[in-house]
Amino acid sequence: MMASAAISFPRVGLYHHHSTTPRSKSPHAFSNPNRFRCDFIAGQNATSLGTKAKVAYSKPHREFSCTSNLAEYAQTTSAVYGFLLLSGGYFAYARTGSKGSLIGGLSGAALMATAYYLMQTPETEALGDALGFGSAFLFASVFGIRLAATQKFAPAGPLLALSLSALAVFITAYLQDSATTL
């Protein structure tokens, strides 16, 4: 059973969409068969909340929905991101003598190695995804604070972009793995 995470951008208002993932093809949708799929759906089964309390009425709307199978790359992302954190920490230590960078790189690599190890078995795969997500969130916060404090794009900007990319992979993998184990 394969599940995939979907990101929806409703046009206006607050909508409740009654559909399942993956969405069945409707006559109002066109899609791309690639790994990253986007659908434009002229809404049916949509509920829009009115301004009055306890009044809900059906209103057709348009919705843009994207589905991605990033969960397949969670183990590779964990290994590569851990290696980059380790090598970046060592590089910063060798260049500036900062022990904090070395400790951060070593702890990031240890967290990613643990996440990679946990992703190997189906029973602990969601736990490994959650650990990868948590550590990617931690390092995204660190690099974001550094970018805000120094106001220099290099090196914190690319590191922040890399951390946010890893974050997207891990949260997609976690959502997929937790949905398939329920």
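Helices here are DSSP runs of H or I with at least four residues, strands are E runs of at least two, and both are numbered from the N terminus. With that settled, α1 is the top contributor to the nonpolar patch, giving three residues. What you're looking at is a predicted model, where local features need pLDDT of at least 70, side-chain atom pairs count only at pLDDT 80 or more, and totals for chains, interfaces and linings use all residues. Residues are numbered from 1 along each chain as its sequence is written, and side-chain values use heavy atoms, with hydrogens and water left out.

**Overall layout**

- The protein chain has seven strands and four helices.
- Reading from the N terminus, the order is β-β-β-β-β-β-β-α-α-α-α.
- The chain has 182 residues, and 30% of them count as buried (under 20% relative accessible area; exposed is over 50%, partly exposed is in between; 1.4 Å probe, protein chains only).

**The largest pocket**

- Rolling a probe the size of a water molecule over the atoms shows where empty space is left.
- A pocket here is an open set of points on a 1 Å grid over the protein atoms alone, where a 1.4 Å probe fits, with protein on both sides within 12 Å along at least five of seven lines.
- The largest pocket comes out at about 540 Å³, where the volume is the space filled by probe spheres set on the points, and points are joined across faces, edges and corners.
- Its lining (residues with an atom within 4 Å of a point) takes in 19 residues, with Gly 88, Ala 92, Ser 101, Arg 146 and Leu 159 nearest the centre.
- The elements giving two or more residues to that lining are α1 (74-96), α2 (99-118) and α3 (125-150).
- Of these, α1 gives the most, with eight residues.
- By class, the lining splits into 10 nonpolar, seven polar and two charged residues; nonpolar covers Ala, Val, Leu, Ile, Met, Phe, Trp, Tyr, Cys and Pro, charged covers Asp, Glu, Lys and Arg, and the others, Gly among them, are polar.

**The nonpolar patch**

- Val 80, Phe 83, Leu 84 and Leu 162 make a nonpolar surface patch of about 350 Å².
- For such a patch, residues need over 30% relative accessible area and no salt bridge, and nonpolar side chains (Val, Leu, Ile, Met, Phe, Trp, Tyr) are joined within 5 Å.
- A salt bridge means a side-chain nitrogen of Lys or Arg within 4 Å of a carboxyl oxygen of Asp or Glu.
- Areas come from the Shrake-Rupley method with a 1.4 Å probe, and for residues only the protein chains shown count as cover.
- Val 80 belongs to helix α1 and counts as partly exposed because its relative accessibility is 44%.

- Gln 151 counts as exposed, because its relative accessibility is 70%.

**Some residues and their C-alpha distances**

- Ile 103, in helix α2, is exposed at 58%; its C-alpha is 9.2 Å from that of Tyr 93, 10 residues apart in sequence.
- Leu 160, in helix α4, is buried at 17%; Leu 160 and Phe 139 are 21 residues apart in sequence and 7.8 Å apart, C-alpha to C-alpha.

Terms used. Patches are made of residues with over 30% relative accessible area and no salt bridge: like charges are joined within 9 Å, nonpolar side chains (Val, Leu, Ile, Met, Phe, Trp, Tyr) within 5 Å.
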